Amino acid sequence: MMAQYRGVKDRYPGHLVLFRVGDFYETFGEDAQLLSRDAEVTLTSRQLDPQGQRIPLAGVPYHAVEGYLAKLVRKGHRVVVVDQMEDARAAKGLVRREVTRVVTPGTVLEETLLPHGANNFLCTWGASEGGPQEGPAKGEWCAALVDISTGETLLRARPLGEAVSLFEDLAPFQPAEVLLPRDAKEGGIPLEELCAVHCPGSRRAEAPLPAALTELPAPWREEAARSSAVADALGRAAAYARGTEPRILPFLAPPVWRRSGERMGLDLKTLRHLEITEPMNPGPDRSPTLLDVVNEALTAPGRRAVEMWVRSPLSDVRAIDERLDAVEALLQQRTTLLTLTARLKGIGDVSRLTARLVARRGGPRELLHLARSLQALPELRALLLSSREAGALPALLQTILQDLDPRSALAERLGSAVRPDAPAHARDGGVLRSEAFPELEALRSVERRARGALAELEQREAQATGIKSLKIGYTQVFGYYFEVTRAHLSKVPEGRWRRKQTLAGGERFTSEELSHWEAEVLQAEDRSRVLETKLYEQLLEEVDREAPSLQATSEALGRLDAVANFARIALERSWVRPRVHEGTRLKVREGRHPILERTLGPAFVPNDVDLDAGEEGPRLLLLTGPNMAGKSTYMRQVGLLVVLAQAGSFVPAKYAEIGRVSSLHTRMGFTDDIGRGKSSFMVEMSEVAEILDRSDARSLVLLDEVGRGTSTSDGLALAWGVIRYLHDGKRARSLVATHYHALTEFVDGLPAARNAHLAVREEKGRITFLRTLLPGGTEKSYGVHVAQLAGVPAPVLEEARRVLRQSAAERAPPTEKGRGGRRPGPSSSSASGGGRYTQALFLDDPETERGRELLHEIRAIDVDRLTPVEALTRLHQIVQRARPEAAARRAGSGGEGPEATDTADTPDTTEAPEGTGTSGREAEPSEPRRTRGA
C-alpha cells in the first residue's frame, strides 16, 4: 500500500495526497504534518519506516472530506484524491486505487470550495520576443485569466518591460492561482516577487510547458494563432487544466480582450484604501465595504457581474451610458422591475452547474437544478419583450434579450427525465423517471414483479414452516436468504432449504425458489442500472453539446440581474443618474458616502465637490480641518461616487456630473513593511512616487497627510512639492488632506487650486464636528481635544496644553508698542488674509536682521517660474539658513520646544462633541452649497 502511495506522490510532486483506506482518507509523512497543521487534524504515527523512524499519520473521514478540502484549498494547497476502485472484501490481494480528483485553488469546481458570488480565476503568463501577425505589439507579456467554473477567459497584454503595469491590471481580479514561466524576470526581479506584492492572496507556482495549438480548446485557437505570447499563456492554462479537469476544456468560452483605456485603473492599494471589496480592518467586527452595500443581486451570476463591474469600472463613456440607460429603463418601469425581481429569485448558477456536469463533478440534483433554472428564463424574456414592444428597451437590454436563450428543449428534456426526488449520486440508482424511457420502464416492471414474488414467497414460507418471524434479507456478498433465529431452527424444512451462513443468533438459508427469484431480481436490477447509467450519460452529453450556449445564457442572466440590482438600489435609496462625459468636470451636489449612508442613515451630512482639470474650475483642493472632522471620509466619498458612476450605477447625491476618470489613485492610512526593509515613511513615499508616475490629467488623485512620517520641515517641503507637481505637471484632479496649515497660504498662490476645510463649531469650550465642507483654510487641528475623547490621561493632556501655550507665546508677533513683547494666542489664519503659519515655522522671528533678509529673499521668489525640483531646492536652502539662528535662540532660552505644534486657542477644559458627531447643521440650506473647490 505504501508503494501505491509513493507512486502517486512521484506522479504529483508538490501535491498533498489524500489516500483512501477504508472509511478514511489517510496522509503520511510530511503530508500528515501539513494536514494536521492546516486542517486542524490530530497527528498520530504508524509503524517504523526502514530507518527505524515512526511515520507521521493523519486522516479525515471520507464522508467529511469536502470540508477539509475547502480548508486546504483556502490555504493554497494542491490536493490529489486517491479512491478505492473496488470493495476491499471482494478484492484479491491489494485493493486497486486510482487518482479521481486533483484539486487546486485555481481549478476547483465544487460549490463548497468556490468563493460565493465571485469569480475564481487561474492566471497564466506568456511572453514573446517576436511580433504577432496582428493584435498586441511585438515583444510582450500576456496574462490569461481563466475561470474554469464559469468558462470565462480574459486576456491582457503589455510590452516587455511593463510587467508591473500588467500586475496592476490583474489587481481587480485577484486570481486564486498564478502560474509563471520558469525563471521569468522583469528588470532583474523575478516575476514571483512582483506577484507577491500585487496578488498577495494568490497561490504562486511554476507553469507547465504550454500545450500545442492543436490541443487548445476550439474557442481559443483563433486568438492563440495571432500571437506567440497569447499562445504561450493560453497553452499553459490548457496544460494545467488538462491535468486537473480535462473534461472542462471544451466548455471554456472564447477569450475576451481587456484593452487599455476600456477600464478605469484601480490598483490593489486603491481597492483597499477605498474599501471597495475588503475593509481596511478585517476581522470579526469588520466594517462594511462598497460591495456589501451595493451587491444585492439575486443570482450567483448577477453577484459576480456586480462585483466585476465595481472592481473594474469602465472608462468608456459610451459603454457607461449603455449601463446607465438600462438601469434607468428598469427604474422607470417599476412593475417590470418588481416582477423581474420576483422571477430572478431561485434561479441557480447556470454556468457553474453546467461546468460541474460537463466535468462529471455534478450529480442528478445538479441536473435537476439546471433544468428548473432554465425553465424560469422564458418569463424573463417575456418581460423584456413586453418592454421592447413599449419602445423602452435600450441597447444593453436588447443584447441581453438576444443572449438570454432558455434552451427550452433541453430544459423540457431534463425536467421530464429526472425524478424530483433523485439521489445525490447517480450510482445510487433511481435517478430517471420510468415514464420518460419505455425500455427502462419495461425492465423496472420485471424487477417489480420479481420483488413482488419474493414478498409472496416470504409469506408462504412463514405460514408453511410456522416461523412467524421469518424474513427474506439481502447482502451484496451473500445475496438473498431466509433468516431464522436459533429458537426456530427446529422448524427449518429439511432437504428443501440449504444452509447459507451461520450467525451468532441464528442461521441463514436459501432454496431453489428463492434462488430463482433472486436471479430474476438481480438480473432485472442489473440490466435496469446499466440502462439507466447509459440514459443518464446521454442526458449529460446533451448538456455537453449545449455548454457554450448555457455559458452565454448565464452571462446574460448575470448582466440582467446586475442592472436590476442597480435599479432597485436607486429606487429604494433615492440615488440619481450621474452625467458621465468626456470633459474633466467633476461636480457633485449634496453627495453622500454610499457606505456610511447605510450605517448612519439621516445623520450623515452630505457635501459638494467641484473639480475641473480644464480652464473653468479648480483642479486641486487642499483640505484642512480638525482630526475627526471627516477629511478622509470626504475623499473616500468622492472616490466611491466616481467608481459607482463608471461602474454603471446611479449614485447617492442630488446631482452628479462625472468627467471620465481614466485612473483613480489613493494614498491613505499609515502602514510599514519592515519585512521588506521599508519604514512607514518609506512605504508612504513609495506609494506617492507610484501615484505621481502613473497619474495624468484624466486621473483622480486622493492623498491623505503626505509627509507626516518625517520631520515637520521635510514633510512640509515634500507635501508642497507633491502639490505643485500635481497642479503644474500632472494637472490631475486632486484632493489633498493635510495638517500642515502653512500649505494653505502656498495654495492661495496657485491659479487652479483652492483651500477648503471641514467645519467645527467651538462654543464655550465645547466642540461639535459639523462635517460640512466650507471654503478657505483653517489653522486648528484640535489634537488635544481628540486625545481627551480617546481617553488619554489628564496629566498628559495638561502638559500638552502647557507646551501649546508656551509655543504660541514664543511665536506671537511684537506688540503694537514695539517693545518686543509677545501676546498669547494663535496666529491669524491664512484665510483671514494675514498672519503666520500654525505649523512648520521656517523663521522664529522675522524682525531680526537675519529674518528680514530671509523674508526678503522669499518674497523675491517667482514661484510660477520654478520647477518642482527647483522649488524644493530653494526651500531646503532657506530652511538650512534659518536653522542656525533658531537653534541659537532655543539654546539661549534654556530648552527646546516642539518642532511643530498647533497654535490654536486651546481651552483648558474639553467637552465631548454633541450627538454622534455626524450631524450638527442647525438647518438645511435652501440652495445647494457653492464653494470654491468644494
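This is a predicted model: local features need pLDDT of at least 70, side-chain atom pairs count only at pLDDT 80 or more; totals for chains, interfaces and linings use all residues.

A: Residues are numbered from 1 along each chain as its sequence is written, and side-chain values use heavy atoms, with hydrogens and water left out.

Q: OK, how many helices and strands does the chain have?

A: The chain has 28 helices and 29 strands, taken as DSSP runs (H or I, at least four residues, for helices; E, at least two, for strands) and numbered from the N terminus.

Q: And what share of the residues is buried?

A: Of the 934 residues, 54% count as buried, meaning under 20% relative accessible area with a 1.4 Å probe and protein chains only.

Q: Which strands make up the open sheet?

A: Six strands, in the order β13-β10-β7-β8-β9-β14, form it with mixed pairing, where two strands pair if DSSP finds at least two bridges between them.

Q: Which strands stand at the edges?

A: Those are β13 (203-206) and β14 (256-257), each with a single partner strand, so one side of each has no neighbour in the sheet.

Q: How do β7 and β8 run?

A: Strands β7 (residues 122-128) and β8 (residues 140-147) run antiparallel and are joined by seven bridges, and Gly126 stands opposite Cys142 in β8.

Q: Switching topic, is helix α13 enclosed or open?

A: Nine of the nine residues of α13 (residues 350-358) are buried, so the helix is largely enclosed by the rest of the structure. Its buried residues pack against β8, α10 (300-311), α14 (364-375) and α19 (512-573), with contact meaning heavy atoms within 4.5 Å.

How values were computed:
Buried means under 20% relative accessible area, exposed over 50%, partly exposed in between (1.4 Å probe, protein chains only).
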